[in-house]
Amino acid sequence: MFIKAVRVGLGQLIIFLDFITRPRKLRRSPEAQAQVAEATTGLALYQFNACPFCVKTRRAMHRLNLPIALRDAKHDETHRAALLAGGGKIKVPCLRIEENGESRWMYESNDIIRYLDSRFAKV
């Protein structure tokens, strides 16, 4: 019971610190932002709200001004089942990438952030 209370408290602290230290969004022209929005329709981040690695990934998404769909794999059984079926394991963060009719599942926050930076930082 005590351990769970500590974990919940730390999770809430992580979320609060993220909120007050959130980076600025990348500014783009309306046309460029529309292109980014279109390009992100095939992306979804499977995550837990208070997971530090998920927070790190969401911060990068915020910084890059990416409207990527968030999927709660902790509390939503549908998303949890999709993560297990598609990615093969319940591990977050995980970015589902839909391209050319195929799905790719990318784990590891650093890999996800590197992918997002390489694809969207210069748009």
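1. Helices (H or I, at least four residues) and strands (E, at least two) are DSSP runs, numbered from the N terminus. The model discussed in this note is predicted. Counted in this way, the chain has 5 helices and 4 strands. Read from the N terminus, their order is α-α-β-α-β-α-β-β-α.

2. On overall shape, the C-alpha atoms fill a box of roughly 50 × 35 × 20 Å along the principal axes. Of the 123 residues in the chain, 33% are buried. Among contacts with a separation of 6 or more, 63% are between residues 24 or more positions apart.

3. The UniProt record, an unreviewed entry, carries the annotation "domain: GST N-terminal" for residues 41-123. In the model, residues 41-123 are 42% helix and 25% strand.

4. Which elements give two or more residues to the largest nonpolar core? The largest nonpolar core has 14 residues, and the members that touch the most other members are Leu43, Leu66, Ile68, Leu95, Tyr115 and Leu116. Two or more residues of this core come from each of strand 1 (43-47), strand 3 (94-99) and helix 5 (109-120). Helix 5 gives the most, with 4 residues. There is also a second, separate core of 9 residues, which includes Cys51, Ala73, Leu83 and Tyr107.

5. Leaving aside residues up to four places away in sequence, Leu95 touches Leu43, Ala44, Leu45, Ile68, Arg104, Trp105, Met106, Ile112, Tyr115 and Leu116. Among these partners, Leu43, Ile68, Tyr115 and Leu116 are also on the list of core members with the most contacts to other members.

6. The buried residues of helix 2 are Ala32, Gln33 and Val36. These residues lie on the same side of helix 2, because they cover an arc of only 100° around the axis.

7. Ser109 lies in helix 5. Is Ser109 buried or exposed? Ser109 counts as buried because its relative accessibility is 6%, and the cut-off for buried is under 20%. Apart from residues up to four places away in sequence, Ser109 touches Phe53, Lys56, Thr57 and Pro93.

8. Pro93, one of the residues that Ser109 touches, is joined to Val92 by a cis peptide bond. The omega angle of this bond is about -5°. Pro93 sits in the loop between helix 4 (77-87) and strand 3.

9. How many disulfides are there? The count is 0, where a disulfide is a pair of cysteine sulfur atoms within 2.5 Å. Cys54 is in no disulfide, and the nearest cysteine sulfur to its own, that of Cys51, is 3.4 Å away. The sulfur of Cys94 is too far for a bond, because the closest cysteine sulfur, in Cys54, is 9.8 Å away. Cys54 is buried, with a relative accessible area of 0%. Cys94 is also buried, at 0% relative accessibility.

10. Asn65 has a phi near 60°, which is a positive value in a residue other than glycine. Asn65 is in the loop between helix 3 (52-63) and strand 2 (69-72). Asn100 has a phi near 55°, again positive in a residue other than glycine. The loop that holds Asn100 is between strand 3 and strand 4 (102-107). Asn100 counts as exposed because its relative accessible area is 81%, and the cut-off for exposed is over 50%.

How values were computed:
Residues are numbered from 1 along each chain as its sequence is written. This is a predicted model: local features need pLDDT of at least 70, side-chain atom pairs count only at pLDDT 80 or more; totals for chains, interfaces and linings use all residues. Side-chain values use heavy atoms; hydrogens and water are left out. A nonpolar core is a set of buried Ala, Val, Leu, Ile, Met, Phe, Trp, Tyr and Cys residues joined through side-chain atoms within 4.5 Å. Buried means under 20% relative accessible area, exposed over 50%, partly exposed in between (1.4 Å probe, protein chains only). Contact means heavy atoms within 4.5 Å. UniProt positions are given in the numbering used here, feature names are shortened, and annotations may be inferred rather than shown by experiment. The arc is that of the directions from the helix axis to the C-beta atoms.
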